[in-house]
2 protein chains.
Amino acid sequence: MFELLATDPTSAARRGRLHTPHGVIETPIFMPVGTQASVKAIHPQELIALEAQVILSNTYHLWVRPGADIIKDAGGLHSFMGWHGPILTDSGGYQVFSLAKLRKIKEEGCYFNNHVDGTPMFLGPETAMEIQAALGSDIAMLFDECTPWPCSHPDAEKSLDLTLRWARRCRDWIDQNQPLTAGKPQLHFGIVQGSTYEDLRQKSARELVAMDFPGYAIGGLSVGEPEEDMMRIADWTCPHLPQNKPRYAMGLGTLPQMVELIARGIDMFDCVLPTRLARNGTAFTHEGTLNLRNAKYARDFSPIAEDTHPLVKPFTRAYIRHLINTQEVLGLRLISLHNLHFYLSLASRARQAIEQGCFADFRTEVVSRYQPRPTASDSD
Amino acid sequence: MFELLATDPTSAARRGRLHTPHGVIETPIFMPVGTQASVKAIHPQELIALEAQVILSNTYHLWVRPGADIIKDAGGLHSFMGWHGPILTDSGGYQVFSLAKLRKIKEEGCYFNNHVDGTPMFLGPETAMEIQAALGSDIAMLFDECTPWPCSHPDAEKSLDLTLRWARRCRDWIDQNQPLTAGKPQLHFGIVQGSTYEDLRQKSARELVAMDFPGYAIGGLSVGEPEEDMMRIADWTCPHLPQNKPRYAMGLGTLPQMVELIARGIDMFDCVLPTRLARNGTAFTHEGTLNLRNAKYARDFSPIAEDTHPLVKPFTRAYIRHLINTQEVLGLRLISLHNLHFYLSLASRARQAIEQGCFADFRTEVVSRYQPRPTASDSD
């Protein structure tokens, strides 16, 4: 299922290949986010042009609108949205905890009112597996409780124990139902929780590995904790995950964070920033972000970046600035394409660097060039 | 400049070919509208895929944002927006009269405050020609006063006389400056005004023809007058325009109106509806419009139309409905592509029908199939 093709002698970075029912994913990989069965503003043909290999979609959002039954009747999520490559779906848990109203967490799962029209709903381990089976994603995530940050050790342990009992119920549901997509077994990833506590992260990893899933994710990252904690969590967790299974860090993050997590042995990433920040004119570059609404780009007739995607290269910063200022959708499209290309090509360069034995240089270069915040002169 | 390739024996319909500095336009033709240097939500490569031959852009909007000087410095509008086919620009007059604030019309032109930040501006015949020369459009429109509807005969005549004096000043400016685009002479179209009065329309046509422009437009259409008046105006005007010059009906209209105006000898059309109505989920079909937000499409797994564009064909009505309901930009994109394809392919079919001598059948078919309003069951 997961081939380990090469490892980096200077770090825990890995070059791998994950086989899924809808195709192969070369890792490390960045996954564009298509929350509502659409990577925001992007046509599936453009995802192919961007060489996206796998996208992420959100079970909670699709369950609320249009409903899992409609997507099932359409022939599954791939057919519904016209993307025929691999899809990973989350379990819906994260959105229940962050978006839904009147939440009540019980042993059996979570009761809540949805955020769109307030309809009372229930999501538990079995429901989350059922919905993802109906969607027909290639990789389905286990239902877990995402602990907030900060969180005391007793609270984190209590939450983790619930997550582990839910994982066991997911495992049982999978064994009984053995869901298929494209005629092949759907892959299920366990999610390591345990907040910022080493013993809990290790306990979580150990118990999930004992349940034997085709892949493992690290959850509860990017929930507000310092970057230092994020890296520590990866350091604590990865050594306890099997070498021959893919590892996914959920919901990042900046480019240097992605590279630093690759160095710690993470294979898969997702991030909403490339498309979310495009809306207000923010483009990623090797040096950090640039805000194209800034007046200094009014007569800048160079492209966003020399190494941007061919679909974006013909357009100048001046033109894209004009489009954003006049709220033209094409501006959002062009920056989204650029940002997705930027993240995807970074992952591609990381793969190449590991293969060629120069990952250490690549890591140093990416981290040292990137400025974590826009410079003062770049904000308008 | 304009070749008349075929005429229809049953009507005044013509099949023509207009040579412009940036390429050839086969007529009758529909022109997608790119108000702010972007056909809303559409990438120039998609315009090529749609077989668009010429687009329209708006001088007033571009003058306000980003400014004609920036577009000139970018190498002209084609280079700025990445569309290298023919472009027609309006004179800016219509927007000054419909959008700008504190308007004062004087003999020399129009003083106003722009609608974006209230900056006082002045637009007159010479300025309108200068700005369009800076934009470098292939076809530039003369500066005119667009009379409102209804309008008394004395008011319409007073307005027309001003428009004719402005046309004379445009003619003089063109003769003195001889603007080029892509190294070839920019084409200038005169605009026939005169409201709903036959004598004024004829006077307008006669005097403009005497000034000898490369093409003529009919203005003051679709300003609220009954369709009957629109057709009468075309009936009165076209016979007074030279056979060997293209004719453009400004700012329509429904599909049957387009076909009926082709039958009266009009060659060029524009309409904002294909992209404007896409935003609220309205798609054009041969039978009229359909509103994809309607619940009856929730499980409709057929495409918008069997003859939609290949970029839209893979997607179902159910999926596009979901995208519109969740305000996903891709929904707007797909309906815009469909609607533009629908208008463009109608023009293509009209050209073919005239060539093949079956325009009368085509006209009957289009007009009889189309329902002017959505059926009651189609509105939600």
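**Notes on a two-domain chain**

1. Start with the spacing: the C-alpha centres of domain 1 and domain 2 of chain A are 27 Å apart. Domain 1 covers 2-271 and domain 2 covers 282-378 of chain A, with bounds from an automatic or database domain assignment.

2. Keep in mind that this is a predicted model, where local features need pLDDT of at least 70, side-chain atom pairs count only at pLDDT 80 or more, and totals for chains, interfaces and linings use all residues. Residues are numbered from 1 along each chain as its sequence is written, while chains are lettered from A and ligands numbered from 1 in the order in which they are written.

3. Now look at where the domains of chain A meet: domain 1 puts in 28 residues and domain 2 puts in 24 residues. Being in contact takes C-beta atoms, placed from the backbone, within 7 Å. On the domain 1 side of chain A, strand 2 (14-20), strand 4 (29-31), helix 1 (44-49) and helix 10 (255-263) each supply at least two residues. Helix 10 of chain A gives the most there, with six residues.

4. Chain A has 14 helices and 18 strands in total. These are DSSP runs numbered from the N terminus: helices are H or I with at least four residues, strands are E with at least two.

5. As for overall shape, the C-alpha trace of chain A spans about 60 × 50 × 40 Å along its principal axes. Among contacts in chain A with a separation of 6 or more, 69% join residues 24 or more positions apart.

Key. Two residues are in contact if their C-beta atoms, placed from the backbone, lie within 7 Å.
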